[in-house]
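Reader: I would like to learn how to read a structure like this one, feature by feature. Can we begin with charged pairs?

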Amino acid sequence: MAQLKTFPSSYSYPATSPSLHRTEQVLHHQIWKENPSSFKNLGTRTTNGAGKFQVIRAVVSSDTETEISESKKVSGLRGKLNKVVLAYSGGLDTSVIVPWLRENYGCDVVCFTADVGQGIKELDGLEAKAKASGASQLVVKDLREEFVRDYIFPCLRAGAVYERKYLLGTSMARPVIAKAMVDVAKEVGADAVSHGCTGKGNDQVRFELTFFALNPKLNVVAPWREWDITGREDAIEYAKKHNVPVPVTKKSIYSRDRNLWHLSHEGDILEDPANEPKKDMYMISVDPEDAPNQAEYVEIGIESGLPVSVDGKRRSPASLLAELNEVGGRHGIGRIDMVENRLVGMKSRGVYETPGGTILFTAVRELESLTLDRETIQVKDSLALKYAELVYAGRWFDPLRESMDAFMQKITETTTGSVTLKLYKGSVTVTGRKSPFSLYRQDISSFESGQIYDQADAAGFIRLYGLPMRVRAMLEQGI
């Protein structure tokens with residue numbers, strides 16, 4: 001629940017000017033009792049009694065009933081907030097929150113939607129829907145380039161994968177959205193932020209850790225941890241009761257999260273790990289069985305560990321990823337079905353479509369095989385596991401992740417070159433890689449004799465490298 005300041009009902013309000021009419025004194029008392037902080041703010045604008053009287057008169061109009069009603073409007077069933085910025089998607093979880101916030105916290109609600117590549121269809125009609133739900137306004141920001149450049153690409157460079165499979169699509173999106181919410185809260189003068197994350201998921205942690213890191217003064221309201229709605233079925237009924245349209249039905253309920261990196265699916269039949277996903281559930285990739293019979297080749301250009309071009313054509317980060325999503329999607333690339341360990345302790349089954357991300361991850365990792373030595377790859381891979389855990393847990397703005405990112409940036413300075421991939425019916429196969437900083441030397445690696453590597457030297461190396469094993473064997477055998 002949000003941390004709210006309250007005032008005792010017995011609070012002694014200041015004496016009014018003797019010249020005040022009795023009705024004005026009553027209204028003065030009512031305003032102070034219902035919202036003492038507002039009186040305090042108004043009173044500090046002037047320095048003399050007459051000035052204070054004028055301010056009070058400006059607030060208290062001749063229509064006393066209206067003004068008392070407006071005074072009561074700032075109070076809610078659970079406390080008082082001035083203005084709340086709500087992370088708004090127009091889906092089930094957030095659609096039912098707007099009227100709930102107004103009723104329970106007596107606040108204005110500013111809906112915020114981040115465009116992180118979820119598609120035009122998900123943005124259509126949002127403003128009308130938000131205002132129909134009772135929001136004072138809808139703020140939409142295009143975060144696609146920032147999302148890919150400042151969040152996706154650092155994770156890609158780090159090689160961050162959670163629990164062997166998950167490419168962190170939702171995990172990377174939450175901090176960029178939460179950061180924008182903090183900015184919007186400052187712009188509109190909000191004293192609180194809110195999200196539609198359930199109390200069982202990871203996203204509540206990701207949002208709130210970002211809020212804490214960037215503006216610890218903001219109140220945080222998480223309705224799913226407060227209200228009486230216990231599940232999606234209840235939320236659907238609540239939405240229907242309040243005439244809020246939502247893109248789900250009781251017959252088929254999938255919880256989806258889409259952005260430029262991936263599309264995730266949870267819920268419905270997926271809650272049983274034994275069930276195979278339905279073919280029509282997938283939205284951005286074709287079934288590999290239905291993919292073209294002709295393979296397609298794509299060349300990814302990389303500079304310092306970050307993708308910069310497709311087939312020799314330079315692209316902005318967001319447009320590059322969007323193009324590869326289209327290419328990979330038509331070949332059924334990047335489908336993952338996994339059971340993961342959520343941060344809050346439970347296991348969860350999810351299905352992910354990450355066509356472009358799978359292509360890029362394969363390309364970057366392959367180029368490192370040319371540009372990084374053995375010890376560096378081993379250390380980088382070990383740190384990538386921790387990096388992925390931090391991102392998954394919502395600790396994007398943690399100094400540890402930022403420090404690890406500095407290491408990743410330094411270690412991949414020479415990871416520059418290109419990788420050619422073959423896409424065919426769900427598979428990504430590396431067919432070629434090259435780099436001006438390649439540590440691969442054909443004259444050394446060749447089976448033909450060379451001047452740099454003398455095969456006879458291997459005998460001494462093996463004797464020294466295997467000495468500990470030889471000594472242990474001698475001890476066990478009494479030699």
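This is a predicted model: local features need pLDDT of at least 70, side-chain atom pairs count only at pLDDT 80 or more; totals for chains, interfaces and linings use all residues.

Reader: What is the general idea behind a charged pair?

Author: Side chains of opposite charge can pair when their charged atoms come close. Here K386 forms a salt bridge with E389. The closest N and O atoms are 3.9 Å apart. The cut-off is 4 Å.

Reader: How far apart are K386 and E389 along helix α15?

Author: They are three residues apart in helix α15 (residues 374-392), so about one helical turn separates them. E389 is partly exposed too, with a relative accessible area of 41%.

Reader: How many salt bridges does the count give?

Author: The count comes to 27 salt bridges. One of them joins E187 and K141, with the closest N and O atoms 3.1 Å apart. E187 lies in helix α10 and K141 in strand β3 (residues 137-142), so this pair ties together parts that are 46 residues apart in sequence.

Reader: Is E187 buried or exposed?

Author: Exposed, because its relative accessibility is 53%. The cut-off for that class is over 50%. K141 has 22% relative accessibility, so it counts as partly exposed.

Reader: Which residue meets R441 in a salt bridge?

Author: D443 does, at 2.7 Å from N to O. R441 is partly exposed at 41% relative accessibility. D443 is partly exposed at 42%.

Reader: Which residues are linked in a network of salt bridges?

Author: R174, D203, R206 and D257 are linked in such a network.

Reader: Now backbone angles. What should I expect of phi?

Author: Most residues other than glycine have a negative phi. E163 has a positive phi of about 50°, although it is not a glycine. L168 also has a positive phi, of about 65°, and is not a glycine either.

Reader: Where is E163 found?

Author: In the loop between α9 and α10. L168 is found in the loop between α9 and α10 as well.

Reader: Is L168 buried or exposed?

Author: L168 counts as buried, because its relative accessibility is 0%. E163 is partly exposed, with a relative accessible area of 29%.

Reader: Next, helix packing. At what angle do α9 and α10 pack?

Author: Helix α9 (residues 144-158) and helix α10 (residues 169-188) pack at about 140°. Their axes are 10 Å apart.

Reader: Why is that pair called oblique?

Author: Angles over 145 degrees count as roughly antiparallel, and 65 to 115 as roughly perpendicular. At about 140°, α9 and α10 are therefore oblique to each other.

Reader: What is the handedness of the crossing of α9 and α10?

Author: α9 passes α10 in a right-handed crossing.

Reader: Last, the surface. Which residues make the nonpolar surface patch of about 300 Å²?

Author: I444, I452 and Y453 make that patch. Residues in a patch need over 30% relative accessible area. I444 has 34% relative accessibility, so it counts as partly exposed.

Reader: In which helix is I444?

Author: I444 is in helix α17 (residues 442-445).

Key: Residues are numbered from 1 along each chain as its sequence is written. Side-chain values use heavy atoms; hydrogens and water are left out. Patches are made of residues with over 30% relative accessible area and no salt bridge: like charges are joined within 9 Å, nonpolar side chains (Val, Leu, Ile, Met, Phe, Trp, Tyr) within 5 Å. Accessible areas come from the Shrake-Rupley method with a 1.4 Å probe; for residues, only the protein chains shown count as cover. A salt bridge is a side-chain nitrogen of Lys or Arg within 4 Å of a carboxyl oxygen of Asp or Glu. Helices (H or I, at least four residues) and strands (E, at least two) are DSSP runs, numbered from the N terminus. Buried means under 20% relative accessible area, exposed over 50%, partly exposed in between (1.4 Å probe, protein chains only). Axes are lines fitted to C-alpha atoms, for helices over the stretch in contact, and angles run from 0 to 180 degrees between N-to-C directions. Angles under 35 degrees count as roughly parallel, over 145 as roughly antiparallel, 65 to 115 as roughly perpendicular and the rest as oblique. A crossing is left-handed if the near helix is turned anticlockwise from the far one by less than a right angle, and right-handed if clockwise.
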